[in-house]
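Subject: Structure handover

Hello,

Please read the two together.

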Amino acid sequence: TELKRAGAAIRALNEDLERRVEERTAALARANKEMESFAYSISHDLRAPVRALSGFSDILLREHGRGLNAEASRLLGRIVHNAQRMGDMVDDLLRLSRVGRGELDRRPVDVNAVVKEVIAARSGEYPLTHVVTAPLPGANCDRGLIRQVFENLIGNALKYSSRAAAPRVEIGGETHGAETVYFVRDNGTGFDMHFAGRLFGIFQRLHTESDFPGTGVGLVIVKRIIERHGGRIWADAKPNEGATFFFTLG
């Protein structure tokens with residue numbers, strides 16, 4: 001009888017725990033949707049005034065800059081630069097919010113073709129960089145989103161290796177059992193792994209804007225896409241010895 005009572009008590013505790021987990025999971029999902037909707041609304045509403053500020057400042061500088069003294073011209077130039085940067089940040093926030101809003105269109109994708117498209121579109125900006133690609137395993141994923149992943153990772157690799165004596169970017173992938181691990185490697189500026197926790201935080205950057213331009217949202221978008229596919233992403237790097245980003249797609 002005591003064993004039956006104990007068993008019933010354990011079952012009741014398990015049922016209560018499962019109910020609480022389901023309630024909190026549902027509450028977290030609602031909170032995430034509300035946050036995404038809020039970010040989308042704010043970003044969308046900011047877009048027009050930020051572009052107006054950038055456009056009018058640029059016109060003022062080009063058409064009336066000669067009538068300004070050196071200090072006024074410098075300050076107006078800073079307004080133009082920061083307005084354009086804010087516009088880039090708003091655009092990236094919109095991309096981030098859209099990643100979580102649409103349904104995944106998972107289907108077999110030729111990852112080699114996706115990477116070739118990205119390299120063709122981006123390598124012209126870095127003609128001195130040697131880009132190496134190994135045969136990549138295919139994936140069951142959303143083609144548009146995985147293209148965004150490679151655009152951001154390859155774009156970062158090209159950017160951060162651009163100051164190396166012989167800049168090099170390598171893209172590859174290996175299958176281990178049922179899991180495929182893709183990677184993008186560069187021999188650029190790298191970073192201290194002590195600060196790796198900041199890599200995927202929104203607006204978190206390990207390098208200054210003056211050294212390498214960017215908004216600090218690209219890797220957040222990458223992480224969100226990969227997590228939506230049920231995968232994971234991690235990095236390995238050393239200062240001045242390059243960085244490698246690895247990811248799976250579930």
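Helices (H or I, at least four residues) and strands (E, at least two) are DSSP runs, numbered from the N terminus. This is a predicted model, in which local features need pLDDT of at least 70 and side-chain atom pairs count only at pLDDT 80 or more, while totals for chains, interfaces and linings use all residues. Residues are numbered from 1 along each chain as its sequence is written, and side-chain values use heavy atoms, with hydrogens and water left out.

Strand β1 covers residues 106–109 and includes R107. With a relative accessible area of 47%, R107 is partly exposed; the classes are buried under 20%, exposed over 50% and partly exposed in between (1.4 Å probe, protein chains only). Setting aside neighbours within four places in sequence, R107 is in contact (heavy atoms within 4.5 Å) with A139, N140 and C141.

Next, the helix pair. Helix α3 (residues 111–122) packs against helix α4 (residues 143–161) at an angle of about 45°, and their axes are 9 Å apart. Axes are lines fitted to C-alpha atoms, for helices over the stretch in contact, and angles run from 0 to 180 degrees between N-to-C directions. α3 is therefore oblique to α4; angles under 35 degrees count as roughly parallel, over 145 as roughly antiparallel, 65 to 115 as roughly perpendicular and the rest as oblique. On the α3 side the contact is made by V111, A113, V114, V115, E117, V118, I119 and R122, and on the α4 side by R143, I146, R147, F150, E151, I154, G155 and L158.

T129 sits in the loop between α3 and β2 (130–133). T129 is buried, at 12% relative accessible area. Beyond neighbours within four places in sequence, T129 is in contact with L158, S161, P167, R168 and V169.

Helix α5 spans residues 218–228, and its buried residues include L219, V220, I221, V222, I225 and I226.

N240 belongs to the loop between β6 (233–237) and β7 (243–247), and its 64% relative accessibility makes N240 exposed.

Regards
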